[in-house]
Amino acid sequence: MRIILYSPLKNKLSVNALAGALEADPKSRSVPIAFSSKPEELEREVKKAAKHKTVLGFSFFSSQAEETVRLAAKARKAHPALTLVAGGAHPSGAPEAVLRMGFDAVCIGEGEKTFTELLGKLLAGADWRGLPGLAVLENGKFKRNKRRPPVNLDDYPPFSQLHGRYGIIEITRGCPNACKFCQTSHIHGLKHRHRSIETILGYAALMHEKGMSDFRAVTPDAFSYGSNGGKINYDALEALLSGLHKILKPRGKIFFGSFPSEVRPEHVTEKAVALVTRYADNDNLVIGAQSASPRMLKLCGRGHSARDIFRAAEITLKAGLRPNMDFIFRLPGETEADARLSLEAMRKLSAMGARIHAHTFMPLPGTAFAGKNPAPPYPWFDEEINRMNARGAVFGDWREQAKTAASR
Ligand code: SF4
């Protein structure tokens, strides 16, 4: 038996977590895994595995769906007997469509337990099609098996020591906010589940021993660590950051509330930011603003005000950090008046010293906005954004995302 996991940079976190889960399972641990991060590497690995029973796993986002389907079809042609398994944000939101694109199974939601059990069944030559957490086609009919309860993050490593797959540590999964454009709550549930401080510090120490001393976290909202998403748990935040500081300094760097994670605007308080400047090394905070129209914030279910966005930027700047403010253009239902409010806010935020991280709305499967089209573009809006981009005030992939959204 062979496992091949396709692992381009964008999907490294989920592939590392999956490899960690397989390593933690006594039966799966000994199965060789090949990681390919490029199409040509994947092609090579599939050819090498042609004489073996093989599972090829892809975890992917909606923006990667077309390319993934092409790669999967090519792999199937080269190795017709392989078991093609999909997981991650896009397959979890659109399992039937993904199965009809040629996959044998979709792991819906968290893959740690489902993928490991699937592998166990394949190793034993047993039927796996009824496993909880999977979706399959049965005689051409879509079948979604029963859901699994959410996993405890402490039960699974964030990466694989056996395969030397270290990196970013997921500290929190799930989100109570269920913003209508976002897949996080849909896939991982409405409750924050935190990896415990002891476990995070244990993995940080392990990486430190191996010479990798930089800490980056994945979380829907870094300042929600240790809380239920409401009141900030300053004690938990400080225990985590001071613990990391003790382990990683002076060699390592700590990034908290910056890429690849972010913070919600209403959680940006002087006290929370002071913990970042005291213990962490990032020179910026990524703050989810998304729109500055009160009507749009309500429509998206954001749960914060436009005022919160400015207050977050002011506090961040006062602490000597740069705010990188996420905005989503052309949210469904956005009127010209809403777009003007956002543009005005972006101009003001930029004049204050913030940078705007620009996105264009793309309907994501499984979300409340899944079937919605982006609002119409406004030339005056695009012209000003292009000017702001030219002077470095706006950055991001909003143009490519607009093209992708238009091609669907
Ligand atoms: S956008 Fe952020 S706050 Fe909203 S549901 Fe997604 S992760 Fe949670």
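Biologist: What share of the residues of the chain count as buried?

Modeller: The model is predicted. A residue is buried if 20 or more other C-beta atoms lie within 10 Å of its own. Of the chain's 408 residues, the share that counts as buried is 47%.

Biologist: Which radius of gyration does the chain have, against that of a compact globule?

Modeller: A compact globule with 408 residues would have a radius of gyration near 22 Å, and the chain agrees with this. The C-alpha trace spans about 60 × 50 × 35 Å along its principal axes. The radius of gyration of the chain is 22 Å.

Biologist: How far apart are the end C-alpha atoms of helix 6?

Modeller: Helix 6 covers residues 112-124, which is 13 residues. At 1.5 Å a residue it should span 18 Å, and the value in the model agrees. The end C-alpha atoms are apart by 19 Å.

Biologist: What covers the buried residues of helix 6?

Modeller: The buried residues of helix 6 are E112, K113, T114, F115, E117, L118, L119 and L122. Their cover includes helix 1 (12-24), strand 3 (54-59), strand 4 (83-87), strand 5 (105-107) and strand 6 (134-138).

Biologist: Which residue just after helix 6 takes a positive phi?

Modeller: Helix 6 ends at residue 124. Just after it, a phi of about 70 degrees is taken by G125.

Biologist: How many charged residues does the shell around the ligand have?

Modeller: The residues around the ligand are C175, N177, A178, C179, C182, T184, S185, P220, D221, R264 and G288. By class, five are nonpolar and four are polar. The number of charged residues is two.

How values were computed
Residues are numbered from 1 along each chain as its sequence is written. This is a predicted model: local features need pLDDT of at least 70, side-chain atom pairs count only at pLDDT 80 or more; totals for chains, interfaces and linings use all residues. Helices (H or I, at least four residues) and strands (E, at least two) are DSSP runs, numbered from the N terminus. The expected span of a helix is 1.5 Å times one less than its number of residues. A residue is buried if 20 or more other C-beta atoms lie within 10 Å of its own, exposed if 12 or fewer, and partly exposed in between; C-beta atoms are placed from the backbone. Two residues are in contact if their C-beta atoms, placed from the backbone, lie within 7 Å. A residue is near a molecule or strand if its C-beta atom, placed from the backbone, lies within 6 Å of it. Ala, Val, Leu, Ile, Met, Phe, Trp, Tyr, Cys and Pro count as nonpolar, Asp, Glu, Lys and Arg as charged, and the others, Gly among them, as polar. The radius of gyration is taken over C-alpha atoms; the globule rule is 2.2 Å times the number of residues to the power 0.38.
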